Amino acid sequence: MIGAGKIKQYANILDKPIGKGKQEVSLSALAFLFSELVQYNQTQVDNISELETRLEDAGYAVGARVLELLCHREKGNRRETRLLGILSFVHSTVWKVLFGKVADSLEKGTEHEDEYMISEKELLVNKFISMPKDMGSFHCGAFVAGIVRGVLDNAGFPAVVTAHFVPVEGQQRPRTTILIKFAEEVGTSLNSLASNIPLLTKVWYAQV
Amino acid sequence: MPPAAPRSGEAIFASVERVNAELFTLTYGAIVRQLLTDLEEVDEVNKQLDQMGYNIGIRLIDEFLAKSNVSRCVDFKETAEMIAKVGFKMFLGVTASVMNWDADGTCCSILLEDNPLVDFVELPDTCQGLYYCNILSGVIRGALEMVAMKTEVTWIRDMLRGDDAYELQVKLLKQVPEEYPYKDDE
């Protein structure tokens, strides 16, 4: 039979190579999938904040896995232990791998010591989404906020991450800002070390 | 003006905007996990995935027809070839092949060489009845229903369940002629 034996079977999934991450799917496939995710969650909740929570939780799971994958593949299994390090990891590496470009900007909040903002003109997942008026402040970028929270939390920097629309003059669609507020144990100094990180004890048997 | 020639799957895939397949894979995994947590029954999850795929399929067919410039397919054989060669390629970037045609040409198998949905996935013992990629069967069913074909799509082989390939069986149940919303004599 044609094609038999082409796909190699691995007895243990951990033996399978994890690949270089260069495979692509069309943007519309992702857009369709994301729209189904949002529509399904709309049927399961009663109000907007629950919907945001559910989208964030979905993103959290993605973020946790993205962190492990990228730490292994891009950084040779080294962990970031400094705040600025993990922030620039999210802003450049994670964004580049997931969305194809680095985030537009990374800023430190002026009002509070432990607040940072990642801005993006238009989030990839929001590209084909328009918000009805009665949804008010809901932002589908809650999914991306969840991804960021997943990465930060599993790297040992617990934070509360939310997504907001920021209107910009001259632009029809508002800019999106991901607001990251670190928890108190992370500390306010830029050089604080993440001291409570559970050691990553999983070993990859991947053939690189 | 002669109609534009149908474009190959690779040409369309090269011209559309693309994203990292891993984001797609992880998002799909998050969806399946949410469904399993909410519904708990594996059969319910299978049905829900199929329904979600159906919702996607009825809209996906518009994009497929717009981007690929295909003319009307003469018979079901051509339809299946279109799905495998153009459809899968332009959306998922994977090649699929059609085989195992039955005697009257109404039932065939689509074999997927590569499946971006299942990277990094392993089914635990508690979910052995799960058709993880069931969304694909819903997509095909939904898309074909919008072009006047009622079909039944089932999984024959699934690598997550221990088989050696991903094989979908597409069975044409009947052709539904399009109904016009107005009478001819008005």
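## Sheet of chain B

In this predicted model, chain B contains an open sheet of 4 strands in the order 2-3-5-4, with antiparallel pairing. Its edges are formed by strand 2 (96-99) and strand 4 (149-157) of chain B, each of which pairs on one side only. On average, neighbouring strands of this sheet are turned by 25 degrees against each other, direction ignored.

Strand 3 (residues 107-112) and strand 5 (residues 166-175) of chain B are joined in the antiparallel sense over 6 bridges. L112(B) stands opposite Y166(B) of strand 5 of chain B.

## Helices packed on the sheet

Helix 4 (residues 76-92) of chain B packs on the sheet and touches strand 2, strand 3, strand 4 and strand 5 of chain B. The direction of helix 4 makes about 160 degrees with that of strand 2 of chain B. Helix 5 (residues 134-146) of chain B lies across strand 3, strand 4 and strand 5 of chain B, and runs at about 160 degrees to strand 4 of chain B.

## Helix 3 of chain A

Helix 3 of chain A (residues 83-99) comprises 17 residues and spans 22 Å from its first C-alpha to its last, close to the expected 24 Å. A kink of about 35 degrees is centred on V90(A). After the helix comes G100(A), with a positive phi near 85 degrees.

Because 12 of its 17 residues are buried, helix 3 of chain A is largely enclosed by the rest of the structure. Among the buried residues are F89(A), V90(A), H91(A) and W95(A).

## Confidence

The model scores ipTM 0.88 and pTM 0.84. Chain B has a mean pLDDT of 86, and 95% of its residues reach 70 or more.

Methods: Residues numbered from 1 in each chain as written. Chains lettered and ligands numbered in written order. Predicted model: local features only at pLDDT ≥ 70, side-chain atom pairs only at ≥ 80, totals over all residues. Heavy atoms only, no water. Helix = DSSP H or I, 4+ residues; strand = E, 2+ residues; numbered from the N terminus. Expected span 1.5 Å × (residues − 1). Bend = angle between axes of the 7 residues up to and from the residue. Buried < 20%, exposed > 50% of the residue type's maximum accessible area, 1.4 Å probe, protein only. pLDDT = per-residue confidence, 0-100. Pairing = 2+ DSSP bridges. Axes fitted to C-alpha atoms, helices over the stretch in contact; angles between N-to-C directions. Contact = heavy atoms within 4.5 Å.
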